[in-house]
Amino acid sequence: MRLSVIGCGYLGAVHAAAMASIGHHVVGIDIDQRKIDALSRGEAPFFEPGLQEILSEGMASGRLEFTTDIDAADGSAVHFVGVGTPQQQSGHAADLTYVNEAFASLTPHLREGDIVAGKSTVPVGTAATLAPKVSDAGATLVWNPEFLREGWAVQDTIDPDRLVAGVLEGAEGERAADILREVYAPAVAKGTPFIVTDYATAELVKVSANAFLATKISFINAMAEIAEVTGADVTLLADAIGHDVRIGRRFLGAGIGFGGGCLPKDIRAFAARAEELGRGESVNFLREVDAINMRRRDRAVELVIEGLGGSVFGKKIAVLGAAFKPHSDDVRDSPALDVAVRLNGLGAEIVVTDPRAIDNARRLHPQLTYVADRDETLRDADAVVMVTEWDEYRREMAPEHVSTLTDGRVVVDGRNGLDAAAWRAAGWTYYGMGRP
Ligand code: UDX
């Protein structure tokens, strides 16, 4: 099929390349000339495992192209819209400027029978307001939320655990769902659940999934707070409750909490939307989820201060990690960078390293010092703070080796990813999150 993908960020660029890799002809469209130039050269504009490969293959096959010219959407059977919905500058609600602009620029290019598939994460009710404009152009709107995780985006797009299509009632909606089934034919043929809903449900599936995941993380981080005053160990607690299949161990990783371009802004936007709908109290707990999450960053800073005897002023601190999670170069709302910035604000001399995210981190916080080499970062440090659990720090960093580089013997494990016993045995004072 011929497809267009409007918006070539983390979501759209992966979607475009993934759709080409399963055999479609795809044009990716974005207003950012730099991004389009990189993609047109077959270069991934950000780090995402597997993206470079499918991008190169797609370009070589002639089935994948990128442009800033919206005219290129002409003739596509399905137009995906995957532009960003950031948090508003003032307030918690989602900023729909890019979505509205994308729809406004796309509408004149729609033909009778075309499908527009909204993928952006939007406040519930958005699709219903966009649908009439799409219908006026003779096309049909479906809402097709995206559940990809950064770091696994290619796999999650080609082989998702479920597909959701929010459609209009009746024959027009059924036809739209059938066309989406055709787009995702390989996944559908494998028996991937394909759930057809109304618009509001499809929009809510996305935000409620993210709300649930954020709540799960904050739940275990709340338990970490209780563990801290009782001498309990939250990692053992998570293992023990995680064996209950109704609970499950995944997303019970206590630490400095969640960040990134989705969970933080999505739960805030959800709470803001619920408020507008007169149902603020239904998701009031999301404010607590957010507050617990932010407190864990404070806690990591407190532990560093404690470890360094009451003040970090003038102390050299090696910060391992800047990305909001491993396998990503994304530093949007990164708890790791936030901890580094806070320590810097307290007068510490901060040196940050990360296998992938240094360039993005430097653009956002040029005041910090960045060093690409892990061991150089550790040299002469008074304390070590591990805030993104890359294998380079978690598995491939022996405490005995670190001891040959640093001055101090204080380690704060912001992700509970280090082997506490091994660090202690090597003479270190180890601090975990919610662990004795
Ligand atoms: C998330 C959702 O998982 C995905 O389905 C949605 O489409 C977009 O938002 P992503 O932002 O890529 O994906 O990251 P995710 O893997 O969910 O991690 C989010 C944050 O939670 C990270 O900062 C991570 O470090 C943190 N996290 C995750 C924890 O603190 N503990 C955990 O146990 C799991």
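This is a predicted model: local features need pLDDT of at least 70, side-chain atom pairs count only at pLDDT 80 or more; totals for chains, interfaces and linings use all residues.
Welcome! Around the ligand sits a shell of 10 nonpolar, four polar and six charged residues.

**Around the ligand**
- In all, 20 residues surround the ligand, and the closest are F147, L148, E150, G253 and F324.
- Helix α9, which spans residues 199–230, contributes the most to this shell, with four residues.

**Backbone contacts to ligand oxygen**
- For G253, a backbone N or O atom lies 2.7 Å from an oxygen atom of the ligand.
- F147 also places a backbone N or O atom 2.9 Å from an oxygen atom of the ligand.
- At F324, a polar backbone atom is 2.9 Å from an oxygen atom of the ligand.
- Taken alone, the ligand would expose 670 Å², and the protein buries 90% of that area.

**The fold as a whole**
- The protein chain contains 18 helices and 14 strands.
- Its radius of gyration is 23 Å, close to the 22 Å that the globule rule gives for 436 residues, so the chain is as compact as a globular protein of that length.
- Along the principal axes, the C-alpha atoms of the protein chain fill a box of roughly 70 × 50 × 40 Å.

**Inside and outside**
- Among contacts in the protein chain with a separation of 6 or more, 72% come from residues 24 or more positions apart.
- The protein chain exposes about 18200 Å², with carbon and sulfur atoms supplying 53% of that surface.

Key. Residues are numbered from 1 along each chain as its sequence is written. Side-chain values use heavy atoms; hydrogens and water are left out. A residue is near a molecule or strand if one of its heavy atoms lies within 4 Å of it. A polar contact is a pair of N or O atoms within 3.5 Å; within protein, one must be able to donate a hydrogen and the other to accept it, and residues adjacent in sequence count only if both atoms are side-chain atoms. Accessible areas come from the Shrake-Rupley method with a 1.4 Å probe; for residues, only the protein chains shown count as cover. Helices (H or I, at least four residues) and strands (E, at least two) are DSSP runs, numbered from the N terminus. Ala, Val, Leu, Ile, Met, Phe, Trp, Tyr, Cys and Pro count as nonpolar, Asp, Glu, Lys and Arg as charged, and the others, Gly among them, as polar. The radius of gyration is taken over C-alpha atoms; the globule rule is 2.2 Å times the number of residues to the power 0.38. Contact means heavy atoms within 4.5 Å.
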